[in-house]
Amino acid sequence: MAENERDPAETSTPAAAESEQSLIQALSHELRQARERKRMSLTHAAESLRISAEHLELFESGAFEFAELDPFQRGYIRNYAEMLEVDLSPYATFFPKVTDVGATLQAVDLEEEHARPLISIGMLKGLITLVILVLAAFLVWMNL
């Protein structure tokens, strides 16, 4: 970070700390209201974002300070707000230097579908056994 820039989440005066806390409370309230408007449970929201419900509870409670959040947690808040369609522009000081890369939030399916074979190993063993039995029966029949 350059000399003349400071982290917007850092507070140096009691007035700034009070202002930050009021913004956090407003954001937390807005997140909770947006989730409730969508009739979405915390569990469902957490599963959609693939983060813990405890994180979302914390974000909705307002019992945190931005200066103590790591970049991932700030990203969780941003993704949560995006999912709930909450405008973060009033809180831009907490999310500095965001570069839009044109990507949208998407869930990733961790379980890939594998191509299933046409015939299973068990079925193949059974088929080979059947062919051997038919061949043996044919040989016995031919010798009679």
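Student: Phenylalanine 64: buried or exposed?

Tutor: Phenylalanine 64 is buried, with a relative accessible area of 7%. Buried means under 20% relative accessible area, exposed over 50%, and partly exposed in between, with a 1.4 Å probe and protein chains only. Note that this is a predicted model: local features need pLDDT of at least 70, side-chain atom pairs count only at pLDDT 80 or more, and totals for chains, interfaces and linings use all residues. Residues are numbered from 1 along each chain as its sequence is written, and side-chain values use heavy atoms, with hydrogens and water left out.

Student: Where is phenylalanine 64 placed?

Tutor: In the loop between helix 3 and helix 4. Helices are DSSP runs of H or I with at least four residues, strands are E runs of at least two, and both are numbered from the N terminus.

Student: What is phenylalanine 64 in contact with?

Tutor: Leaving aside neighbours within four places in sequence, phenylalanine 64 contacts Gln21, Ile24, Ser28, Leu58, Phe59, Leu69 and Ile77. Contact means heavy atoms within 4.5 Å.

Student: And what separates the C-alpha atoms of phenylalanine 64 and glutamine 25?

Tutor: 9.4 Å, for two residues that are 39 apart along the chain.

Student: Zooming out. How many helices and strands are there?

Tutor: Five helices and zero strands. Along the sequence the pattern reads α-α-α-α-α.

Student: What share of the chain is buried?

Tutor: Buried residues account for 25% of the 144 residues. The chain exposes about 11,000 Å², and carbon and sulfur atoms supply 58% of that area. Accessible areas come from the Shrake-Rupley method with a 1.4 Å probe; for residues, only the protein chains shown count as cover.

Student: How about contacts: what share join residues at least 24 apart?

Tutor: 65%, among contacts between residues at least 6 apart in sequence.

Student: Now charges. How many salt bridges?

Tutor: Three. A salt bridge here is a side-chain nitrogen of Lys or Arg within 4 Å of a carboxyl oxygen of Asp or Glu.

Student: Why would such side chains pair at all?

Tutor: Side chains of opposite charge can pair when their charged atoms come close.

Student: OK, which residue does arginine 32 pair with?

Tutor: Glutamate 60, with the closest N and O atoms 3.6 Å apart. Arginine 32 is in helix 1 (residues 14–37) and glutamate 60 is in helix 3 (residues 53–61), so the bridge ties together parts 28 residues apart in sequence.

Student: Is that pair buried or exposed?

Tutor: Arginine 32 is partly exposed, at 31% relative accessibility. Glutamate 60 is buried, at 5%.

Student: What about arginine 35, which partner does that one have?

Tutor: Glutamate 60 again, with the closest N and O atoms 2.6 Å apart. This pair links helix 1 and helix 3, with the two residues 25 apart. Arginine 35 is buried, with a relative accessible area of 8%.

Student: What else does arginine 35 touch?

Tutor: Not counting residues up to four places away in sequence, the list is Met40, Ser41, Leu42, Ala45, Glu60, Tyr80 and Leu84.

Student: And which residues form the salt bridge with lysine 38 in it?

Tutor: Glutamate 85 and lysine 38, with the closest N and O atoms 3.8 Å apart. Glutamate 85 lies in the loop between helix 4 (71–84) and helix 5 (121–142), and lysine 38 in the loop between helix 1 and helix 2 (42–49), so the pair ties together parts 47 residues apart in sequence. Glutamate 85 is exposed, with a relative accessible area of 66%. Lysine 38 is partly exposed, at 35%.

Student: Which residues do shared partners join into a network?

Tutor: Arg32, Arg35 and Glu60.

Student: Last topic, packing. At what angle do helix 2 and helix 3 pack?

Tutor: About 115°, with their axes 8 Å apart. Axes are lines fitted to C-alpha atoms, for helices over the stretch in contact, and angles run from 0 to 180 degrees between N-to-C directions. That makes helix 2 roughly perpendicular to helix 3. Angles under 35 degrees count as roughly parallel, over 145 as roughly antiparallel, 65 to 115 as roughly perpendicular and the rest as oblique.

Student: Which residues make the contact?

Tutor: Leu42, Ala45, Ala46 and Leu49 from helix 2, and Ala53, Leu56, Glu57 and Glu60 from helix 3.
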